[in-house]
Amino acid sequence: MNDLFIDVDYAQIYKSGQKIGGDVFLLSRNPEREQIVCTLSDGLGSGVKANVLASLTAHMAHKLSFSEMDLTHSAKIIMNTLPVCKERKISYATFTIVDIRHPSLDDIQVNLVEYDNPQALLFRDSKPIVWQREKILLHREGAFKKEELSRSSLQMAVGDRLIVFSDGATQAGMGKALPLGWRLEGVREFAQHQIERNPSISSHDLSRAIARKANGLDRLASKDDITVMVVYVRRPRRTLVVTGPPFTKEKDEILGEKLRNFEGKKIISGGTTALIVSRLFNKKLKVDLSCWSADVPPVSIMEGFDLVTEGMLTLSKVATALEQKKSLRTLPNDAVRKFVALMMDSDQVHFIVGTKINEAHQDPSIPVEIGIRRTIIGRLRKALEDNYLKETSQEYL
Amino acid sequence: MAKREKVAVKICVGTACFVQGGADLLLYDEFLDPIVLANCEIEGVSCLGKCKEAGSKEGAPFVQIGDVVHGDMTEKKFCDLVAEAVHA
């Protein structure tokens with residue numbers, strides 16, 4: 001499995017009273033060429049007009065980035081295609097293109113082209129990094145000034161974060177809480193503080209925190225669309241799910257070895273499996289009766305393991321929840337919810353499936369929903385990959 | 001009078017037991033006599049392993065009271081057996 005994970009997410013708050021945004025964010029991954037392109041475009045004004053312009057720009061930028069063409073050249077084409085506002089004599093949309101190529105763990109190349117958006121920020125862990133930008137001047141017909149395009153190449157490493165945002169963030173609070181707005185410095189300080197407080201904060205959480213803060217500075221009625229995008233390079237978060245006892249007793253030790261050597265979160269799903277593991281590791285297994293549910297048996301607690309649940313019933317309910325993309329908030333507080341929460345928090349999930357048949361489940365009086373372990377694991381993997389873009393793998397024991 | 005030791009009761013929450021009535025037994029707070037409840041220590045157990053024994057006359061759900069495992073447990077049977085063990 002891949003040793004690198006590039007976590008990209010964005011948060012967006014529309015201008016107060018608008019139902020459509022004038023900022024457009026696009027993200028595409030091309031796994032074959034190990035390339036990720038994200039584009040943020042801010043259309044002039046707000047509402048429908050701005051949205052059309054920004055979409056147009058973002059899509060052009062996006063398509064051109066995936067071509068063989070040099071990024072500066074593509075940016076020039078976009079600039080020349082963009083209409084110029086008759087009254088204000090300025091361009092109709094601004095954009096930032098982040099083109100990430102990651103052929104290997106220590107070679108993550110980022111090409112950044114910025115046009116009139118606030119400057120992007122780079123953090124190495126929680127330390128802000130300043131880098132050189134190459135300026136390209138363009139003169140367009142009808143525009144009253146020369147347009148300045150800036151381009152730079154960066155090398156990113158594990159632990160780095162690149163934050164790109166629209167002027168809705170830097171100008172938040174202007175004329176109210178802050179006479180000159182939040183400004184680049186304000187965003188930088190806030191982001192740094194957030195990362196220091198929680199060094200492994202996900203792109204999802206960080207982008208939301210910044211956007212919410214900006215909206216707060218505008219007294220919850222933002223004056224412009226606020227869009228914040230975060231690219232976070234990190235090691236994948238791994239989870240191991242062990243379900244079912246190994247086919248023969250001799251293989252129990254192999255299971256123990258695999259569990260011991262695994263780095264990441266560990267889930268045991270299955271009563272008998274839990275007993276085997278508790279014996280192998282000499283750890284006490286305690287059923288937590290504090291949460292009762294009619295659908296799934298309660299979870300157990302064992303030191304060194306993140307979650308211990310019953311097997312087939314829980315797994316099939318988890319598969320159903322993931323297939324239906326159920327939100328965590330709507331699930332009752334039981335084993336299924338805890339399982340789903342751990343799945344959402346992982347990038348890579350590895351399943352070790354024991355192949356021993358449980359004689360007790362062959363009883364005809366047992367509901368049919370207790371199917372075959374393999375089928376359920378298949379459903380789980382498909383849902384994780386298709387609905388949540390997780391990487392999964394599996395082995396039989 | 002020396003204080004009596006509480007009776008250890010273990011309710012199986014394995015798949016087979018849970019779907020065949022074990023889930024309801026976990027709500028023992030609601031149907032067990034409070035005096036009996038005060039005199040026993042009830043906990044869940046991930047699997048008692050009884051359901052896999054070939055030729056067993058009794059079926060799930062299983063509950064262990066003291067050292068004995070009882071099968072085909074119902075609420076009434078549970079109350080009677082636990083009360084019996086507590087008053088013994």
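Author: Two strands are said to pair if DSSP finds at least two bridges between them, and strands (E, at least two residues) and helices (H or I, at least four residues) are DSSP runs numbered from the N terminus. This is a predicted model, in which local features need pLDDT of at least 70, side-chain atom pairs count only at pLDDT 80 or more, and totals for chains, interfaces and linings use all residues. Residues are numbered from 1 along each chain as its sequence is written, while chains are lettered from A and ligands numbered from 1 in the order in which they are written.

Reader: What makes strand 6 and strand 7 of chain A a pair?

Author: Strand 6 (residues 121-124) and strand 7 of chain A are joined by three bridges in the antiparallel sense, and because the definition asks for at least two, they pair. A:Leu122 has A:Ile129, in strand 7 of chain A, as its bridge partner.

Reader: Why is strand 7 of chain A called an edge strand?

Author: In chain A, five strands form an open antiparallel sheet in the order 1-11-10-6-7. Strand 1 (5-13) and strand 7 (127-129) of chain A each pair on one side only, and they are the edge strands.

Reader: How do you know that A:Leu285 is buried or exposed?

Author: A residue is buried if 20 or more other C-beta atoms, placed from the backbone, lie within 10 Å of its own, exposed if 12 or fewer, and partly exposed in between. A:Leu285 has 22 other C-beta atoms within 10 Å, and is therefore buried. A:Leu285 is found in the loop between helix 7 and strand 14 (286-287) of chain A, and buried residues make up 41% of the 397 residues in chain A.

Reader: Which residues is A:Leu285 in contact with, leaving aside its neighbours within four places in sequence?

Author: Contact is a matter of distance, since two residues are in contact if their C-beta atoms, placed from the backbone, lie within 7 Å. By that rule the partners of A:Leu285, apart from those sequence neighbours, include A:Ala274, A:Met302 and, in chain B, B:Ser46.

Reader: What makes up the side of chain A that touches chain B?

Author: Here 24 residues of chain A are in contact with 17 residues of chain B. Helix 7 of chain A gives the most to this side, with four residues. By class, this side of chain A has 15 nonpolar, six polar and three charged residues, where Ala, Val, Leu, Ile, Met, Phe, Trp, Tyr, Cys and Pro count as nonpolar, Asp, Glu, Lys and Arg as charged, and the others, Gly among them, as polar.
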